[in-house]
Amino acid sequence: MARVELQSVTKSFGQITAVKKADVVFEEGSFTTLLGPSGCGKTTILRMIAGLEAPSAGDILIGGRRINDLPIHKRNLGLVFQNYALFPHKTIGQNIAFGLKYRGVPKAEARDKVRQALEIVRLPGVEDRYPTQLSGGQQQRIALARAIVIEPDVLLLDEPLSALDANLREEMRVELKSIQHRIGVTSIFVTHDQSEALAMSDRIVVMSAGEVQQEGAPEEVYNTPATEFVARFLGAANLFDARVTAADDRLVELETAAFGRLTLPRDRAARLGDAGPARLVVRAEKLALSEAAAPPGTVSAAATVAAVDYQGQLARYFLQIGDSQAQAIQMIDGRPYPEGAEVTVSLRPEDCTALPPASPDGESGPTGR
Amino acid sequence: MRAWSWIRAYSVAVYLFMFAPVAVVLLLAFNSSQFSGFPIEGFSLRWFRRLFENEAIMRAFETSITLGLLTSVCATTLGILASLALVRYRFPGKDWITTLLISPVLVPETVLAVGLLIFLRYLSMPRSFLLLLLGHSIIALPFVVLVVQARLVGIRRDYEEAARSLGAGPFETFLQITLPLLLPAVFAGALFAFTISFDNITATIFWRPAGVETVPTQIFGMLRNSVSPEINALGFVMIVVTVGLPLTAGGLARYFARRRQ
């Protein structure tokens, strides 16, 4: 177990910069997710920590030791791949024992360790089978067993659940998290799936275009996105144009076209100045629809339901509020509002976040979902 | 419909015409008659016996098999190393080297043979068995490279990366992971190299030192005098070696693959 640290790590492939000056700390024993769309540099970071790519600049530290020049097979890392990468010509037992061989573990002890590892991943007794005789989910458990049996300093997981089907993926994510918790290994998990990231992580590092956009606990990243990109990438968010009309240390007052004036606590608009344009971020599930008047303590606007996406216990509404469009997600009891219904949308200012508008170079522009 | 049956009949005829000579050799090998030709007078193994008693032929066999095995070892080793470099690494001039490695297939063998001879003359080196081995390896190498490369491209790097992350050094990773996964292609390449060397006559005639005969050059020499029925028996043995060997190997490979399941 060890703490992993990236110190202004940059990686370029020819003209393309895959990772730009990343400074990230992965705390000892924590489960950290690198989250972002494909091509954002998250896998490149993982591969650099693993030693499969060399950084163009900057240092990588594991347990306080600079490992830039340490070859991969001396780093003592557990690596789990999207496609399992179990050696097809070796049995499950041989696969798991592979790393033990290079650590001078005697045969009898290795056999015990293999058995224990298989118990941890809840697949006892499959030592003599070949990888192709197991299902995808089972193969991924074996891959995990192979990675943890060597008691690595760091466990690196490269989209390990992506190749599994939806039900299995959710089951495995609970299990993976609990195994990690039990053995307490520092884990770095790469995914493009925001729900995986939110469900499993102690910390999330959101990346876009080679840059770290935000780092924090899942609730923090979800509730107070630091950039428009983060707001759009995690969950469904509405962004409204706004203008700061008044501000002090405690409160920030904004003027929006859709909802008029509203006042946010300062920590919800930490990045805003005391004047100028801003963007108001409202999560889709924080927009409340009703036919009655808005409850006190909220701001509201009249809206028309443009389309409904009915999902059983939930419905997603596409709304027209004046000139702007918005999405709302709501639990429903009974029937959803029909298309064309006139409703009142309301929101509580303290559920919103205000951000400075995206810089014109589009770095944190609306590239996500 | 009618057109199809014509095409079918025509194809069958073409193949019959092509394979008939082979069948004739195989049949006549067992003919008891003094003269190589039809009609077949009776079944006999005397030509095979005569073959084994013929010292020149047995020596040629020994030479061919030694040469074939050595060519196979050289070409396969070089082929694996070349394929690894070409598939797993990036370096300047890669495309040129690929073309160069494959070119012996494209260059007419006579040209290659004369070229190598002139080169050796320039170095004032005599013709030798080593030259023969070198030449055969050059001719066989492209086939090994093509076969091994094709397989190596299909082996995902994940396997090697996983092995490395678990503590295996680069050479260990090759021995434990890459080579075993590559084995079918290595086998196929080695067989190719052996049969190519075993069959080769054009270049061998140019390169062989005085007094050294391989099976094809021996047959060629014998044909100059007369068509002895012995040659049919020899042809039979050669067909068995060059056709039978790959078929057996393929069959064995399938058998072991099934047993593994």
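This is a predicted model: local features need pLDDT of at least 70, side-chain atom pairs count only at pLDDT 80 or more; totals for chains, interfaces and linings use all residues.
## Helices, domains and a shared contact

Helix 2 of chain A passes helix 3 of chain A in a right-handed crossing.

Look next at the residues that meet. Helix 2 of chain A brings A:Gly93, A:Ile96, A:Ala97 and A:Leu100.

Now step back to the whole of chain A. Its domain assignment gives domain 1 (4-223) and domain 2 (236-352). The C-alpha centres of these two domains of chain A lie 39 Å apart.

Chain A also touches chain B. The contact takes 17 residues from chain A and 16 residues from chain B. On the chain A side, strand 6 (77-80) and helix 2 (92-101) each supply at least two residues. The side of chain A that touches chain B has twelve nonpolar, four polar and one charged residues.

Chain B has eleven helices and zero strands. Its C-alpha atoms fill a box of roughly 70 × 60 × 40 Å, taken along the principal axes. The domain assignment of chain B gives domain 1 (1-44) and domain 2 (56-260). Their centres, taken over C-alpha atoms, are separated by 31 Å. The contact takes seven residues from domain 1 of chain B and eight from domain 2 of chain B. On the domain 1 side, five residues are nonpolar, two are polar and none is charged.

Helix 3 of chain B runs through residues 55-88. Follow it to helix 6 of chain B, residues 129-154. The axes of these two helices come within 6 Å and cross at roughly 45 degrees. The two helices are therefore oblique to each other. Helix 3 of chain B passes helix 6 of chain B in a right-handed crossing. The contact residues divide into 19 nonpolar, seven polar and no charged.

Helix 3 of chain B has another partner, helix 8 of chain B, residues 170-199. Here the axes come within 8 Å and cross at roughly 140 degrees. That makes this pair oblique too. The crossing is right-handed. Among the contact residues of helix 3 of chain B are B:Ser64, B:Leu67 and B:Gly68. Those of helix 8 of chain B include B:Val186, B:Gly189 and B:Phe194. By class, this contact has nine nonpolar, eight polar and no charged residues.

Helix 5 of chain B has 14 residues, 109-122. At 1.5 Å a residue, this helix should span 20 Å. Its end C-alpha atoms are 20 Å apart, which agrees. Helix 5 of chain B is followed by B:Ser124, whose phi is positive, near 45 degrees.

Methods:
Residues are numbered from 1 along each chain as its sequence is written. Chains are lettered from A and ligands numbered from 1 in the order in which they are written. Two residues are in contact if their C-beta atoms, placed from the backbone, lie within 7 Å. Helices (H or I, at least four residues) and strands (E, at least two) are DSSP runs, numbered from the N terminus. Ala, Val, Leu, Ile, Met, Phe, Trp, Tyr, Cys and Pro count as nonpolar, Asp, Glu, Lys and Arg as charged, and the others, Gly among them, as polar. Axes are lines fitted to C-alpha atoms, for helices over the stretch in contact, and angles run from 0 to 180 degrees between N-to-C directions. Angles under 35 degrees count as roughly parallel, over 145 as roughly antiparallel, 65 to 115 as roughly perpendicular and the rest as oblique. A crossing is left-handed if the near helix is turned anticlockwise from the far one by less than a right angle, and right-handed if clockwise. Domain bounds come from an automatic or database domain assignment. The expected span of a helix is 1.5 Å times one less than its number of residues.
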